[in-house]
Amino acid sequence: MGRSALTFPFPQVCDGEVTTYRDRVDAGRKLGQALRHLRGQDVVVLGLPRGGVPVAAEVARELDAPLDVIVVCKVGVPGQPELAMGAVGEDGAAVVNTGVVRVTKVAQEDLSAAQAHARAEIQRRVRALRGDRRRVELTGRTAVVVDDGIATGSTARVACRVARSLGASRVVLAAPVGAPDAVRGLADVADAVVCPLRPRDFRAVGRFYADFRATGEDEVTAVLDRAALSDAPTAGTRPVRPAAPAAPATTTPCCPAPGDPAGGRGRSPQRW
């Protein structure tokens, strides 16, 4: 398939202090510049809810491309919801981090229960985020999967698989910042990985944003509504199909594990 990681004229792997993005909008604009080579192609930009959607909206604007969400949800270790042991996505896609499962000694039945919980959350989020909007058709097109950062890569991995299972002929994964090892490890599921900032001392995505406040579902819905009303989707517009009935997934925002009502993100060091 000829997959490769793209390079840019500024350092991707860096040491010491790094310049942070002001917020997700600023990060999206800069990421969009790094993706300008895709402008004019038959591209669909897919934001990972929730934090990846404001970033993706700016990328879609830069590329003059349609915007949609691709919903996936991380599966947290019971009692440690921020520690990901896998993820589930739309269309039945799933991945398991066997290393985390082994170290935390999570039993198969507990893993299955957590996955079922995540799938139920996916269905809720798809209804909340897409509403009556139709899913943008991906068949034969380039899907640009966008998140606000890559920590372990599990969520991004599922999202890429989902995009391909929905018919995308090419998948490009893009994020403003990511852990170097995680970014390199995603080359087997994406045709290209675009990540301008890959600091060796990564720790957490939130370190590289001046404003990394949580993105609410209402904000995501508003972004999608604005995109649907804009003229941006005129590039390569195609007929769209209705969203699958109750089967999609969620993103970077993690879903709480069973029994954990908080399940938040913020600046937690354990993040996808």
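A: Two strands count as paired if DSSP finds at least two bridges between them. Helices (H or I, at least four residues) and strands (E, at least two) are DSSP runs, numbered from the N terminus. This is a predicted model, in which local features need pLDDT of at least 70 and side-chain atom pairs count only at pLDDT 80 or more, while totals for chains, interfaces and linings use all residues. Residues are numbered from 1 along each chain as its sequence is written, and side-chain values use heavy atoms, with hydrogens and water left out.

Q: How many bridges join strand 5 to strand 6?
A: Strands of a sheet pair through backbone hydrogen bonds, either parallel or antiparallel. Here strand 5 and strand 6 (residues 80–89) run antiparallel and are joined by six bridges. Glycine 76 stands opposite alanine 84 in strand 6.

Q: Which strands stand at the edges of the sheet?
A: The sheet is open, with three strands in the order 5-6-7 and antiparallel pairing. Strand 5 (72–77) and strand 7 (94–96) are at the edges; each has a single partner strand, so one side of each lacks a neighbour in the sheet.

Q: How is the packing of helix 4 and helix 7 described?
A: Two packed helices are described by the angle between their axes and the distance between the axes. Axes are lines fitted to C-alpha atoms, for helices over the stretch in contact, and angles run from 0 to 180 degrees between N-to-C directions. The axes of helix 4 (residues 108–130) and helix 7 come within 8 Å and cross at roughly 50°. Helix 4 is therefore oblique to helix 7 (under 35 degrees is roughly parallel, over 145 roughly antiparallel, 65 to 115 roughly perpendicular, and the rest oblique).

Q: Which residues of the two helices meet?
A: With contact meaning heavy atoms within 4.5 Å, Arg124, Arg125, Ala128 and Leu129 in helix 4 meet Glu217, Val220, Thr221 and Leu224 in helix 7.

Q: How many aromatic pairs does the structure hold?
A: A pair of aromatic rings is described by the distance of the centres and the angle of the planes. Rings of Phe, Tyr and Trp (its six-membered ring) pair if their centres lie within 6.5 Å; planes under 30 degrees apart are stacked, over 60 edge-to-face, and the rest tilted. The structure holds three such pairs. Tyrosine 21 and tyrosine 209 have ring centres 5.7 Å apart and planes at 45°, so this pair is tilted. Phenylalanine 202 and phenylalanine 208 have ring centres 6.0 Å apart and planes at 20°, so their pair is stacked.
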